[in-house]
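Let's take a friendly walk through this model together. Please have the sequence and the 3D view open as you read.

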Amino acid sequence: MNTVNTMNNVMLFREMFLVGSTYWNMVYGKDIGDVLKDDEGMANMRNIGQNMAWHIKQLWK
């Protein structure tokens with residue numbers, strides 16, 4: 001978590017846009033296709049995708 005926090009801080013200090021989601025933007029799986037079974041992780045990915053799409057639309061207005 002310290003690494004992720006440091007990367008976020010670097011981007012924020014450089015005044016970059018960061019798009020967030022519900023919470024952890026990760027999906028877990030061991031074998032190929034396992035991530036598709038992670039319902040909570042997939043819901044987070046859908047949420048961040050929607051947030052990214054909204055943000056991009058706002059930038060192009």
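Predicted model: local features only at pLDDT ≥ 70, side-chain atom pairs only at ≥ 80, totals over all residues.

**A buried aspartate and its surroundings**

What is the nearest side chain of opposite charge to Asp38? That side chain belongs to Arg46, and it is 9.4 Å away. A salt bridge here requires a side-chain nitrogen of Lys or Arg within 4 Å of a carboxyl oxygen of Asp or Glu, so Asp38, although buried, has no salt bridge.

Backbone nitrogens, on the other hand, do approach this side chain. One belongs to Tyr28, whose backbone nitrogen lies 3.0 Å from a polar atom of the Asp38 side chain. Another belongs to Gly41, where the side chain of Asp38 reaches the backbone nitrogen at 3.0 Å. If you leave aside residues up to four places away in sequence, Asp38 touches Val27 and Tyr28.

Now turn to Lys37. Side chains of opposite charge can pair when their charged atoms come close. Lys37 forms a salt bridge with Asp34, and their closest N and O atoms are 3.8 Å apart. The count for the model comes to 1 salt bridge. Is Lys37 buried or exposed? With a relative accessible area of 65%, Lys37 is exposed, because exposed here means over 50%.

Gly33 also belongs to the loop between α1 and α2. Its relative accessible area is 31%, so Gly33 counts as partly exposed.

Let's zoom out to the chain as a whole. The protein chain has 2 helices and 0 strands. How does its radius of gyration relate to that of a compact globule of 61 residues? Such a globule would have a value near 10 Å, but the protein chain has 14 Å. Along the principal axes, the C-alpha atoms fill a box of roughly 35 × 30 × 20 Å.

The accessible surface comes to about 5500 Å², with 61% of it belonging to carbon and sulfur atoms. Finally, among contacts with a separation of 6 or more, 32% are between residues 24 or more positions apart.

Conventions
Residues numbered from 1 in each chain as written. Heavy atoms only, no water. Buried < 20%, exposed > 50% of the residue type's maximum accessible area, 1.4 Å probe, protein only. Lys, Arg positive; Asp, Glu negative; His and termini not counted. Polar contact = N/O pair within 3.5 Å; in protein donor to acceptor, adjacent residues only side chain to side chain. Contact = heavy atoms within 4.5 Å. Helix = DSSP H or I, 4+ residues; strand = E, 2+ residues; numbered from the N terminus. Rg over C-alpha atoms; globule rule 2.2 N^0.38 Å. Areas by Shrake-Rupley, 256 points an atom, 1.4 Å probe, with all protein chains shown as cover.
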